[in-house]
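Me: I'd like to go through this structure with you and ask what stands behind the labels. Could you take them one at a time?

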Amino acid sequence: MFDKLDFISDKYEELAMKVADPDVINDQPRWQKYIKEMGEMEPIVNKYKEYKKTKESVAEAKEMLDSGDEELKELAKMELADLEDKIPEMENDLKVLLLPKDPNDDKNVILEIRAGTGGEEAALFAQDLLRMYLRYTERRGWKAEIMDANDTGIGGIKEASVLIKGKGAYSRLKYESGTHRVQRVPETESSGRIHTSAATVAVLPEVDDVEVHIDPNDVRVDVYRSSGNGGQCVNTTDSAVRLTHIPTGLVVTCQDEKSQIKNKEKAFKVLRSRLYDMKLKEQNDEISAERRSQVGSGDRSERIRTYNFPQGRVTDHRIGMTIYKLDSFLDGEIDEIIDGLITSDQAEKMKNF
């Protein structure tokens, strides 16, 4: 570990010299590349400097123990105990910082929600999840654009796609992929019997043209009249777009914008992200033994969480965590469970560190 930390520190210093070089400054793409690399290394370098400074203080405190001054020795003992308690914690922090970073963590997210088993109740629950993620987006200071939504007319949704823009959006929302289950008494249930319904969530990193190339000849583009609520022209022009990727059979629709061109752009964003997700899944299947042991596997067939209304609880089955804050959780306060998932994922990865 320390050889790796020394290498990163040396590399950081080398880059610091390069970004100060006038020739590099004049070459903006190169300068920006070096600045980005430094930004990724900086938290590790700063923590390592703090660690080395603490180790030096420990050595100094031990030297003070050999002095003849009793008062000085007593102070050294107290300081040494405090410093030695910090060392294991700092070493653990360094291990976490050195864990391989998911290359998608800083990307925006395309979030897809679909009603599952449970009929209209499942559609109402899917709407609850959509609102939950929109509120979470607000709380994080991110931005959300609903790209497509197929509502049921009585408050539920069959499916919806949302583009969420924000730093680190994928790093936190990626753990939400999977089947979400709800247990509650539907409004239409006269006997008060609890029903179980489900909705699935897919979290896809937004990807660029460079990462996924789509041959235009492989895509059939259909335009049609938008449905649902909207302003002038939304329901009177053929502005909605449906893309069909012929090789895979993937179908993407977008009718959020009044402009057919804008809807087409957004639909292609979703299509690229779904194709990228398929490619990632193929890669993950090749290393399934390791991947399945990790919290963030993103398997949408897996039941990941239960929302129990009678008991006011939310349970994440991957880490066995239950909180009794259902109302606030559905209002977007989901960080407590996400933090738990991140910690569990890091602990799993550190077993092989």
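Reply: Gladly; here is what the labels rest on, from the whole chain down to single side chains.

Me: What kind of model is this, and how many helices and strands are there in the chain?

Reply: This is a predicted model. The chain holds 10 helices and 11 strands. Buried residues account for 40% of its 353 residues. Of the contacts between residues at least 6 apart in sequence, 62% join residues at least 24 apart. The accessible surface is about 19600 Å², with 48% of that belonging to carbon and sulfur atoms.

Me: What makes E2 and E11 edge strands?

Reply: The sheet is an open one of eight strands with mixed pairing, in the order E2-E3-E1-E5-E4-E9-E10-E11. Strand E2 (143-151) and strand E11 (321-323) each pair on one side only, and that makes them the edges. On average, neighbouring strands here are turned by 15 degrees against each other, direction ignored.

Me: How do you know that E2 and E3 pair?

Reply: At least two bridges are needed for a pair, and eight join E2 to strand E3 (residues 157-165), the two running antiparallel. Lys143 stands opposite Lys165 in E3.

Me: Which helices lie on this sheet?

Reply: Helix H5 (residues 119-140) packs on the sheet and touches strands E1, E2, E3, E4, E5 and E9; its direction makes about 115 degrees with that of E4. Helix H10 (residues 335-350) lies across E9, E10 and E11, and runs at about 165 degrees to E11.

Me: How do you know that E7 pairs with both E6 and E8?

Reply: The same cut-off of at least two bridges applies. Strand E7 (residues 240-245) and E8 share five bridges in the antiparallel sense, with Val241 opposite Cys254. Strand E6 (residues 219-224) and E7 share six bridges, also antiparallel, and Asp222 has Arg242 in E7 as its bridge partner. The hairpin of E7 and E8 has four residues between the strands, and in it Gly249 takes a positive phi near 80 degrees.

Me: Why is Leu75 called partly exposed?

Reply: Its relative accessible area is 48%. Partly exposed covers values between the buried cut-off, under 20%, and the exposed one, over 50%, so Leu75 is partly exposed. Leu75 is found in helix H4 (residues 70-98), and together with Leu72 and Met78 it forms a nonpolar surface patch with about 290 Å² of accessible area.

Me: Why is the contact between Glu50 and Lys47 called a salt bridge?

Reply: The rule asks for a side-chain nitrogen of Lys or Arg within 4 Å of a carboxyl oxygen of Asp or Glu. Here the N to O distance is 3.6 Å, so the pair qualifies. Both residues lie in helix H3 (residues 28-65), three residues apart, about one turn of the helix. By this rule the count comes to 26 salt bridges.

Me: What makes Arg305 and Asp316 a salt bridge, and are they buried or exposed?

Reply: Their closest N and O atoms are 3.1 Å apart, and the limit is 4 Å, so this is a salt bridge. The pair links distant parts of the chain, with Arg305 in strand E9 and Asp316 in strand E10, 11 residues apart. Buried means under 20%; Arg305 has 0% relative accessibility, so it is buried. Asp316, also at 0%, counts as buried.

Me: How do you know that Glu336 and Lys325 are partly exposed?

Reply: Glu336 has 36% relative accessibility and Lys325 has a relative accessible area of 44%. Glu336 is in helix H10, and Lys325 is in the loop between E11 and helix H9 (326-330).

Me: Which residues are linked in a network of salt bridges?

Reply: Arg131, Arg135, Glu138, Arg139, Asp331 and Glu333 are linked in this way.

Note on methods:
Residues numbered from 1 in each chain as written. Predicted model: local features only at pLDDT ≥ 70, side-chain atom pairs only at ≥ 80, totals over all residues. Heavy atoms only, no water. Buried < 20%, exposed > 50% of the residue type's maximum accessible area, 1.4 Å probe, protein only. Contact = heavy atoms within 4.5 Å. Areas by Shrake-Rupley, 256 points an atom, 1.4 Å probe, with all protein chains shown as cover. Axes fitted to C-alpha atoms, helices over the stretch in contact; angles between N-to-C directions. Patch = residues over 30% accessible without salt bridge, like charges linked within 9 Å, V, L, I, M, F, W, Y side chains within 5 Å.
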